Amino acid sequence: MFLKRITLLHEDIPSFDRYPFSIPSIRNLQEVDLESHVTFFVGENGSGKSTLLEAIADRCDFNTAGGGRNNTYNVYASESMLGKYIRLSWLPKITNGFFLRAESFYNFATHIDKVDDTGFRDYGGKSLHRQSHGESFLSLFLHRFKGKAIYLLDEPEAALSPTRQLTFLKVIHDLASKGNAQFIIATHSPILLGYPNANILSFDNGHISKIEYEMTDHYQITKYFLQHREKFLSEIFSED
């Protein structure tokens, strides 16, 4: 592990009535200790998990539109409003890594088309635009992710089928188990959340707190749906 702690600098914040400090999980944040090579951020939409992940990327000097330190391009509204109000504690400090922002990955692929002069060596030997969405994500994971690094991933499952999500779990294992990589992943996927010995942090209920896999809504709702599909759908469809 490299990144050990995230601290919110309360004394520097001008107002907790303004976004993103008005988000309950951010407003109540003091510090978060990272205890595993793989940490998941979970929570409902708008709970603050992507906001904090983007702020971490900003403090790492990664492009907050997606990419690493050397990927310079602009996407509208990609800057982090929270970044300068958090402190990252490292041991040791590393500078290599990548921020995956699923919603702006198309823009990252376009940027790579413009600047790559290695025959897309880090992306499977082919332009990301000439691969399917899922293939391009996997090409990034399999070829760009290497060496001692921290990887910040916002909903990487967005382009991955269940089978490809299992492939991605193997990528995480191959990198993290050697002690060369740290992952912080914001996700809604019960498959990814099943990674063994991961630290899962819930952003629901107005606080950031550790939660066991089987207690996440992602696991419980998916399990109930698979076991009681007809009843579950009947209950939903009968609601006024």
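Predicted model: local features only at pLDDT ≥ 70, side-chain atom pairs only at ≥ 80, totals over all residues.
# Strands, a helix and a pocket

Visitor: Which residue in β7 does Thr39 stand opposite?
Guide: Strand β3 is also joined to strand β7, residues 181-186, by four bridges, and the two run parallel. In general, the strands of a sheet pair through backbone hydrogen bonds, either parallel or antiparallel. Within β7, the residue standing opposite Thr39 is Ile184.

Visitor: How many of the residues of strand β3 are buried?
Guide: In a regular strand, side chains alternate between the two faces of the sheet. In β3, Val38, Phe40 and Val42 point one way while Thr39 and Phe41 point the other way, and all are buried. Strand β3, which covers residues 38-42, is mostly covered, and the number of its residues that are buried is five of five.

Visitor: In what order do the six strands of the open sheet stand?
Guide: The pairing in this sheet is mixed. The strands β5 and β9 (209-210) stand at its edges, each with a single partner strand, so one side of each is left without a neighbour in the sheet. Read across the sheet, the order is β5-β6-β7-β3-β8-β9.

Visitor: How many bridges join β6 to β7?
Guide: On one side, β6 pairs with β5 in the parallel sense over five bridges, and among these pairings Gly97 has Ile150 in β6 as its bridge partner. On the other pairing, β6 and β7 also run parallel, with Leu153 standing opposite Ile185 in β7. The number of bridges that join β6 to β7 is six.

Visitor: Which residues point the other way from Ala149, Tyr151 and Leu153 in β6?
Guide: Strand β6, residues 149-154, is mostly covered, with six of its six residues buried. Its residues are therefore buried whichever way they point, a reading that rests on the cut-off of under 20% relative accessible area. Ala149, Tyr151 and Leu153 point one way, and those that point the other way are Ile150, Leu152 and Asp154.

Visitor: Which elements do the buried residues of α4 pack against?
Guide: Helix α4 has twelve residues, 133-144, and reaches 16 Å from its first C-alpha to its last, close to the 16 Å expected at 1.5 Å a residue. Its buried residues are Gly134, Ser136, Phe137, Leu138, Ser139, Leu140 and Phe141. The elements that these buried residues pack against are β5 (97-101), α3 (105-115) and α5 (162-176).

Visitor: About how much space lies in the largest pocket?
Guide: The largest pocket is lined by 13 residues, and Gly68, Asn70, Asn96, Gly97 and Arg144 lie nearest its centre. By kind, the lining divides into three nonpolar, six polar and four charged residues. The space in this pocket is about 240 Å³.

Visitor: What distance separates the C-alpha atoms of Asp12 and Tyr85?
Guide: Asp12 lies in the loop between β1 (3-8) and α1 (24-27). With a relative accessible area of 42%, Asp12 is partly exposed. Although Asp12 and Tyr85 are 73 residues apart along the chain, the separation of their C-alpha atoms is 6.7 Å.

Methods. Residues numbered from 1 in each chain as written. Heavy atoms only, no water. 1 Å grid on protein atoms, 1.4 Å probe; cavity = no way out; pocket = protein on both sides within 12 Å on 5 of 7 lines; lining within 4 Å. Points joined across faces, edges and corners; volume = space filled by probe spheres on them. Nonpolar A, V, L, I, M, F, W, Y, C, P; charged D, E, K, R; others polar. Buried < 20%, exposed > 50% of the residue type's maximum accessible area, 1.4 Å probe, protein only. Pairing = 2+ DSSP bridges. Expected span 1.5 Å × (residues − 1). Contact = heavy atoms within 4.5 Å.
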